[in-house]
Amino acid sequence: MREIIRHRSIYGILVVPLAYYIVFKYVPIFNGQIAFKDYMALDGVLGSKWIGLENFRTFIRSYYFVELLRNTLLYSVGKLVFCLPLSIALAIGLYECVHPRLGKVVQTLAYLPHFLSWVIMYGILLALLAPGDGVLNDIIKLCGGKGVDFLTDTRAFPWIVILSDAWKEMGWSAIIFIAALMGIDPSLFEAAMVEGANSWQRVRYITLPSIAPVIVIVVLLRLGTILDAGFNQIFMLYSTPVLSVGDIIDTWVYRQGLLEFQFGLATAVGLFKGVIGFVLIVVSNRLVRRLGGSSLY
Amino acid sequence: MRKTRNVVVRPSGADRSFNIVVDVFLWLILVVIAVPLWSTITLSFRPNDYIGTNLEGMFLPVWKWSTAAYKALLGNNGFLMAFLNSVKILVAGVATALLLTIPLAYVLSIRSLPGRKVLAWLVIVPYVFNVGMIPSYLLVTGLGLQDHLAAVYLPVAVSTYNCLIMRSFFEGIPTELKESARIDGASEMQVLLRVVLPLSKAIILTIGLFYGVSFWNDFFHAMLYLNSNDLQPLPILLRNILMASGMNEYVEVNAFGDAPVSAIKAASVFMSAIPMVMAYPFIQKYFTKGTLLGSVKG
């Protein structure tokens, strides 16, 4: 108690942020209880009737459960599989590039799309992919092919999601690898050069092994958020014709909750995702810490 | 970018082929990233009487470009109002976010504080345990924040990630500086304002820019909570312009004068991105440091 009094000026600073946390971060968790309730707006969060696991049962038994889970995993794993090797290659390319000008330009341009919103991205993709006058369709027609409506084609849509994400985030994801490369002891390279290793061998036997732990950490941390397939992106890009391949858990929760007003069911699905995400984050952070990286907490 | 090359060894054929592969790869990345950006930019300057494909339009000489789309946008009250709303959200949002994040990060960085562990958990639990959008929606509507600009930034005013980055930075400030101020009788608030903040300009700017980007780009919260037309920020207007087609398109064309519809769309994309592009050199100057602190500290 005396400790608290001694530190009272510290706690004074905390009052406002703490109040903020309780209202905006903990009240929503408290509201999460409607996952187990038949939520009625008139009865409120506390007054609605408890129905146990009914909402969860409805979701797991429904036909869209498998589809949503499949799409969500398809996108988050697909993005990792595409974006990760690209960002590693980009980092190594920038590190090994012997023309500083080229490296600087590529680096600057590659980071930029990370700061554009998905609404802006949608506009850029429209200029590129529009069925009538998009640049890509111009090229296809020039080569004698027939125009494709990429954004409403169920075969093209998953690729557009995965590739546009790689386009946007590849540079930004490379930063952590560039940092890891900067940390490699230069005497390793000097020794290898004296021993007669060429550039390919240096990358294979020094660079890659040196950043391998960082790659493992990045993959593990990504696994913690495997059920986040990118709500903003899908929400901007998808439409009714591609719903079967485009709908992910988050977009479904949005439609079910805020357009159909199935608050209880939508919250149950959000909670389902939250619990799995929580377990995965805790497990992956444990593993990362065991590997010697610093974890979230 | 690699620094030391003080060992001089004659490059072998394999080295030369390696350098070529690296160059080709970087040029490829450059083209892949630049082409979509370039096609959007040139599209926004497309003259009304242009005949030809958009592919050819990418190579249209600059003296044939037209600024009709930009004139139309800047002469449109709806667009100006949306821009102003976005600026309001940006300024109020960043101010609120920093006023909440800085003290929290500072207190979390005081190692001798009793209850520091509990506090750290209190901050991290909502970060790793996400209950989804509905409970938060119920809170915001319950507070009556609908149709207030605050609904866009207040629910996301503290990003735990940003807070943890800032904490790592504060932890790096030598304790002796703070201790000597405390011995001289400074209160914690004074230590924060007089000792810590002047040393933390870089990190505050970085985190402020991170927040700024997220508020400027947000369309989801605006879509959920702002129903009134007078409150729509730029991303919502942009989304409406981009999604306009058929009959709607006709309406949009009338509202924006005589520039081509696709040019209007591209110009509004570019106008929405401009503040980000302008802030970008500053972001780039500081962000590597900031993200490094957060991801692989020490």
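The dialogue below goes through this predicted model.

Q: Let's begin with the chains themselves. How many helices and strands does chain A have, and how many are there in chain B?

A: Chain A has 15 helices and two strands. In chain B there are 15 helices and zero strands.

Q: How spread out is chain A for its 297 residues?

A: The way to judge this is to set the radius of gyration beside what the globule rule gives. For chain A the radius of gyration is 24 Å, well over the 19 Å of the rule, so the chain is more spread out than a compact globule. Along the principal axes, its C-alpha trace spans about 75 × 75 × 35 Å.

Q: What share of each chain counts as buried?

A: Burial here is a count: a residue is buried if 20 or more other C-beta atoms lie within 10 Å of its own. In chain A, 41% of the 297 residues count as buried. In chain B, buried residues make up 41% of 298.

Q: And what do the contacts say about separation along the sequence in each chain?

A: Take the contacts between residues at least 6 apart in sequence. In chain A, 66% of these join residues at least 24 apart. In chain B, residues 24 or more positions apart account for 74%.

Q: Why is helix 7 of chain A described as largely enclosed?

A: Simply count its buried residues: 12 of the 12 in helix 7 (residues 118-129) are buried, so the rest of the structure largely encloses this helix. Among them are A:Trp118, A:Val119, A:Tyr122 and A:Leu129.

Q: How should I think about a nonpolar core?

A: In soluble globular proteins, nonpolar side chains tend to be buried together. In this model the largest nonpolar core has 155 residues, and those with the most contacts inside it are A:Ala91, A:Tyr122, A:Phe177 and B:Met166. At least three residues come from each of domain 1 (13-66) and domain 2 (71-295) of chain B. Leaving aside neighbours within four places in sequence, B:Met166 is in contact with B:Thr101, B:Ile102, B:Ala105, B:Ile203 and B:Ile207.

Q: How far apart are the two domains of chain B?

A: Their C-alpha centres lie 32 Å apart. Six residues of domain 1 are in contact with nine residues of domain 2. The domain 1 side of this contact has two nonpolar, three polar and one charged residues.

Q: Is B:Ile29 buried or exposed?

A: B:Ile29 is in helix 1 (residues 13-44) of chain B, and it counts as buried because 23 C-beta neighbours lie inside 10 Å. Beyond neighbours within four places in sequence, B:Ile29 is in contact with A:Leu90, A:Val106 and A:Ala110.

Q: What about B:Arg239: buried or exposed?

A: B:Arg239, in helix 13 (residues 234-243) of chain B, counts as buried with 24 C-beta neighbours inside 10 Å. Again leaving aside neighbours within four places in sequence, B:Arg239 is in contact with A:Val119 and B:Phe219.

Q: Last topic: backbone angles. What is the phi of A:Phe261 near?

A: Most residues other than glycine have a negative phi. Phi of A:Phe261 is near 60 degrees, a positive value. A:Phe261 is found in the loop between helix 14 (249-259) and helix 15 (263-290) of chain A, and counts as exposed with 12 C-beta neighbours inside 10 Å.

Key:
Residues numbered from 1 in each chain as written. Chains lettered and ligands numbered in written order. Predicted model: local features only at pLDDT ≥ 70, side-chain atom pairs only at ≥ 80, totals over all residues. Core = buried A, V, L, I, M, F, W, Y, C linked by C-beta atoms within 7 Å. Domains from an automatic or database assignment. Contact = placed C-beta atoms within 7 Å. Helix = DSSP H or I, 4+ residues; strand = E, 2+ residues; numbered from the N terminus. Rg over C-alpha atoms; globule rule 2.2 N^0.38 Å. Nonpolar A, V, L, I, M, F, W, Y, C, P; charged D, E, K, R; others polar.
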